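This report describes one protein structure in plain terms. Please look at the sequence and the model first, then read on.

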Amino acid sequence: MVNLRQRRVSNHNGKVQKGSFYLPPEIICEILSRLPVESILRCRSVCKEWCRLTRDPQFINLQLNRVNNQLPRVILKSHYKVDLQSLLLLDTEGCNIRKIPFKKMQLPSSPKFRMSDLRLMSSCDGLLCIAVDYRIHPVIILNPITRDSVILPSQKRRMYVGSSFEMITVGENSWRTLSAPPVPIEENLGAAVYWNGAFHWKIEEKNNKGGDKCILGFNISDETFYTISCHVKFGTSEYDLLVLGGYLSLVEHDVHLMRIWKVSGTKDEGFYLSHRCTYNTYVRWNKFLCYSVISQTVPDRFLLKLSQDDGKGDGNDSFVQFYPEKAFYSYLDIPGLPIHFRSVHFKPTFVSPRAASLGFS
């Protein structure tokens, strides 16, 4: 029998070490890339070699590909008077929150700049886009895990979400005007949802028939807008736009029913909306008690954001797990959760906004 403890091996520097095991760098990267980002950050403190490997662009791309096949996390920003100085990374399984302070990020130095004005706009490949409320100035691209950030150049004229459309590639110095969307946008757009190489927003199509729900898409590769008509009369129902099970989906809130519609097809062949399923939520929702779907954590469980209002301007937001097949709700007791907050889906990566401006991760 070979005594592995005394086996002599040569490491990648050619030095012979006794009692140690050599793993090729590519194997180490395969192992580390499967860990949560919090564990990878701790691994960087183990040795210089692991620190170097996990900062390498090849590892960053490997970890990005892995996390794209995992369920997204949720990142929050309080819009209450308390704790406006941090982003909050939510761990629903462990029921805890990790604070990510703004103070170590590059932020505007203008005396008119206020943290309370920052609004979560969208997320893609681990990068967040935040801007000052509905005024798109300044625009900040940041990775909240590495706390690396860049401030995009200012537009020549003041912009508001939904008023007109300009685009800039990170690393460029000026914005370029885009062709108008195929439908008029008469209201501010909410947070964008990234799916299938494009950003998507839920809108109401203003036409003679009035008030048809549809989805506005923006394809990154050819920088063009398109719409996905729902052809479904939602009436006064509220609805969420998010990615569920790999599909862009609409979740309709119809009193006590939750209807899920999924988007299929391609931009070239045409998109279409099909009914996926309907669940009874066993609650008659109203303006004082409402919900939004955050994610589908497993096939039989949804994460919901619950919003309660007492009619006097007070109330609170919270998270619950909803098990539709069991007709069961589970309240998540999360220490440090703000009273009111906004949230976006987020996949933690090590992609650098600064490196992205140079053309690589």
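Which residues make a nonpolar surface patch of about 250 Å²? The patch is made by L23, I27 and I31. Patches are built from residues with over 30% relative accessible area and no salt bridge, where like charges are joined within 9 Å and nonpolar side chains (Val, Leu, Ile, Met, Phe, Trp, Tyr) within 5 Å. I31 belongs to helix α1, residues 25–32. With a relative accessibility of 46%, I31 counts as partly exposed. Buried means under 20% relative accessible area, exposed means over 50%, and partly exposed lies in between (1.4 Å probe, protein chains only).

**Basis of the model**

The model is predicted: local features need pLDDT of at least 70, side-chain atom pairs count only at pLDDT 80 or more, and totals for chains, interfaces and linings use all residues. Residues are numbered from 1 along each chain as its sequence is written, and side-chain values use heavy atoms, with hydrogens and water left out.

**The chain as a whole**

The protein chain has five helices and 24 strands. Helices (H or I, at least four residues) and strands (E, at least two) are DSSP runs, numbered from the N terminus. Of its 361 residues, 46% count as buried. The chain exposes about 19,600 Å², and carbon and sulfur atoms supply 50% of that area. Accessible areas come from the Shrake-Rupley method with a 1.4 Å probe; for residues, only the protein chains shown count as cover. Among contacts between residues at least 6 apart in sequence, 44% join residues at least 24 apart. A contact means heavy atoms within 4.5 Å.

Two strands pair if DSSP finds at least two bridges between them. Within this sheet, β3 (residues 73–78) and β4 (residues 86–91) pair over three bridges. V74 has L90 in β4 as its bridge partner.

Another open sheet also has four strands, in the order β16-β17-β18-β19, and its pairing is antiparallel. The edges are β16 (238–244) and β19 (270–280); each has a single partner strand, so one side of each is left without a neighbour in the sheet. Neighbouring strands here are turned by 25 degrees against each other on average, direction ignored. Strands β17 (residues 247–254) and β18 (residues 257–266) pair over six bridges. The bridge partner of D254 in β18 is L257.

**A buried serine**

S122 is found in strand β6, residues 118–124. Is S122 buried or exposed? S122 is buried, with a relative accessible area of 12%. Apart from its neighbours within four places in sequence, S122 is in contact with L127, L128, C129, A192 and F199.

**Positive phi in two loops**

Most residues other than glycine have a negative phi. N196 is not a glycine, yet has a positive phi of about 60 degrees. N196 lies in the loop between β12 (193–195) and β13 (198–205). E223 also has a positive phi, near 55 degrees. E223 sits in the loop between β14 (212–219) and β15 (224–229), and is partly exposed at 27% relative accessible area.

**Salt bridges**

Side chains of opposite charge can pair when their charged atoms come close. A salt bridge is a side-chain nitrogen of Lys or Arg within 4 Å of a carboxyl oxygen of Asp or Glu.

K305 lies in strand β21 (residues 301–309) and D317 in strand β22 (residues 315–323), so the pair ties together parts that are 12 residues apart in sequence. Both K305 and D317 are buried. R176 is partly exposed at 26% relative accessibility, and E172 is partly exposed at 35%. E252 is buried, with a relative accessible area of 4%. E30, R34 and R66 are linked in a network of salt bridges.

Key:
Axes are lines fitted to C-alpha atoms, for helices over the stretch in contact, and angles run from 0 to 180 degrees between N-to-C directions.
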